[in-house]
Amino acid sequence: MAKELLKGNVAFAEAALRNGLEAYFGYPITPQSEALEHLSGRMIEEGRVFLQAESEVAAINMVYGAASSGVRTMTSTSGPGLALMAEGLSYIAGSEVPAVVVNIMRGGPGLGNIQPSQADYFFMTKTAGHGDFHPIVLAPSSVQEIIDMVGLAFDLADKYRTLVLIAGDGSIGQMMESAELPPMQPLRPEPDRPDWAIVGAEGRAPNLITSLYLGAQNLEAVNLRLQAKLQEIRENEVRYQEYEVEDAELLLVAYGTVGRICTTVVREARKAGKKVGLLRPQTLWPFPDARLAELGARVRGVLVAEMSAGQMLEDVERAIARQAPVRFHGRMGGVVPMVDEILADLDKLDEETR
Amino acid sequence: MKHEETIISGFGGQGALFAGQLLAYSGMAEAMHVTWIPSYGPEMRGGTANCTVIVSDEEIGAPIIRYPTCAVVLNLPSMQKYEPLVKPGGVLIVNESLVDIQSARDDIRVITLPASDIATALGNPRMANLVALGALAQATGLVALETVAAQLEAHLSERQRKWLEPNKAALQKGAELAR
Amino acid sequence: MSVAVNIPENMDLIYKYPDALTEVSTHYCPGCVHGIVHRMVGEVIDELGIRGQTIGVAPVGCAVLAYKYFDVDFVEAAHGRALAMATGIKRVNPDKVVFTYQGDGDLAAIGTAETVHAANRGEFLTTIFINNAIYGMTGGQMAPTTLPGMVTTSSPTGRDCAVAGYPIQMSEILAQTAGAAYVTREMALDMPSIVKTKKAIKRAFQCQIAGLGFACVEVLATCPTNWNQDPWASLEWAKESMTEHFPLGTFKMTDAVKALKWRD
């Protein structure tokens, strides 16, 4: 496949389709609507299911239904829509059906605005719904990476029978970049649907998809099993990318759009003779705790940059565990931090820790 | 090494976003890295619209920048906003048909041309974006004019097809004025 | 899963436990009509020979455990979302038969949007809607269908419609949607009405199988426990009072549904 100039929203939608997306359900919301628009044409062309739901509440429950039938299914939204989906996300997690949800984050709280933001970090990694669970949360920083992560998301969802969220932001959704789409994968044939799927009980005992377990002991046992699965995910699925960390004395930690902005910060700082490195988490849950703990032991200081009031910051602080000072540069409300302002905070950290 | 961070800005309908896309396509066609990111707020409904295009030999980090190396301003509000932000040594393309103020900068190259009037003379004032893009390509040497013309041919919508040749002429005219 | 019975040669088996039901004692209160409606649905599934192709969607409410009583594939939906979930299931299993079984709180309060839009899209789904004018499972609170003046645990002085609104007539609403093919309100309060209700349920399943559009059978039912009535009195009260606010009748039946041939 050749590289094309692709808009992030269109790119992840088409990538999902090519990764065997059999059913998409969604509701328009800026800044992700191009994904829904793209699939409204393409899914029909390919003879697959596309449905514009009456709300995000309905959309996620349609996803829940299709996922229960063992097909690859997804929805995409932005913060206010994700909030409406919280109920369904919890049911999907509780019933252990695989599903993918893309959140192209915008400024909040409330109606906020439609500019890029990373303020749904807590929501996605820690409180996506009621009860004890974490979805896997992937954080792309480019159009190519959101394409690749959609494929990864479906694979992880299937592998662990879990919910996978993709944490994009408005600029990833709206940006055009040269990127390569994956080849078209065939759909999973109906006889190959997983043996737990509800497709009619012909010739076997009925299947049940539920998150209801009456009896405290029963539900605790289910929770223990879920926690064991989450532990397995923690051990096997942490992903991150590092830039110039080998000899780094100061460490930047940033993800998504801010993560890529920080690659420029590293370049500029290195030009000025500062030994700066960057760790960019690609999974926000599970979080690269162990690697950060290692780096924390050998750098002078850590600077976290986010488009939020300091959400990932808490995870970084936990991982660094006071081995080095952790400082923060955050912008909110849809403001994107610029290279020069992050550099200025890096200078302060440099002086403070010299 | 080639690396330009360009902001193209104008009223909605002046084709700032499309000109930016053409620049991105052209950069890609010349095997460079590109990013294009629009302003996508309510301002795109009839107000000013702008996009940031980065074309570089290197992998692109920050896709959103404060100080562009080039700015193309198609109207007065864009001039007021971006003229002061262009990096020293950079390029500013001004559509003087709609901008009646002069740049006071002496640390950048300012190219002033009546883009809308030229476009009107060629048949459609909405081709001012291509006049300005021709000037930009010529002034920066970032991409070849032939590349831009080829990308225009590849990406002009069916509906706009009849404007292909006039658009190419607009591109040429802009380039000539920037020589 | 029927009990093995030896039938003498000179006799016919005329009544048995439906294959589509599991032989499990239900958790429903004495005098509740859920069991009767479950049985009717089970019989219809048997008669249509669709047990292996049927997928049920359980609600949140008294019928939350309905999946224990049907011997078919089942999912447990979130409160009110049964028809959204059913939509997702049916769209990826267009050759299967998908039904929801919902109460009035589920379908007519928290799930009104999902219900109206599934009907309006003309989803090929069958909905069994049990209306007993109260929230049973949570302990007898006021439902959207609670009658004016009716005392519940959350309307202790009786439903005051000026404050709490009026009993919502879902069948009348659903009949207005272009996608609905068959909408009827029945009751399961005595033998004649039960026989009639079963016919309606069968028609609603056939409507789906024939791809004619959305079908909903509303069934007026009782809740002796939360109405504080004995089962017999509750049947009588329902026949008198509920039918006054929820008139029986078929509110929509397209010509194609009318023309359906009965298949036994």
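Predicted model: local features only at pLDDT ≥ 70, side-chain atom pairs only at ≥ 80, totals over all residues.
**Contacts between chains**

Two pairs of chains touch, and the pair with the most contacts is chains A and C. No contact joins chain B and chain C; the closest C-alpha atoms of these two chains lie 29 Å apart.

The contact between chains A and C takes 33 residues from chain A and 28 residues from chain C. On the side of chain A that touches chain C, two or more residues come from each of strand S2 (23-26), strand S3 (49-52), helix H3 (56-68), helix H4 (79-95) and strand S9 (208-209) of chain A. Of these elements, H3(A) gives the most, with eight residues. By residue class, this side of chain A divides into 18 nonpolar, eleven polar and four charged residues.

Strands also pair across this contact: S9(A) and strand S2 (residues 73-76) of chain C run in the parallel sense over two bridges. Within this region, A:Ile209 stands opposite C:Val75 in S2(C).

The contact between chains A and B takes 20 residues from chain A and 17 residues from chain B. Helix H1 (16-29) and strand S2 (33-38) of chain B each supply at least two residues of the side that touches chain A. The most is given by S2(B), with six residues. The residues on this side of chain B are eleven nonpolar, five polar and one charged.

Here too a strand of chain A pairs with a strand of its partner: strand S8 (residues 176-179) of chain A and S2(B) pair in the antiparallel sense over two bridges. A:Glu177 stands opposite B:Thr35 in S2(B).

**Contact within chain A**

In their contact, 26 residues of domain 1 meet 22 residues of domain 2. The elements giving two or more residues to the domain 1 side are helix H5 (121-125), strand S6 (136-138), strand S7 (163-169), helix H7 (170-174) and helix H8 (216-236) of chain A. H5(A) gives the most to this side, with four residues.

The table sets out the residue classes on one side of each contact.

| Chain B, touching chain A | eleven residues | five residues | one residue |

Methods:
Residues numbered from 1 in each chain as written. Chains lettered and ligands numbered in written order. Contact = placed C-beta atoms within 7 Å. Nonpolar A, V, L, I, M, F, W, Y, C, P; charged D, E, K, R; others polar. Pairing = 2+ DSSP bridges.
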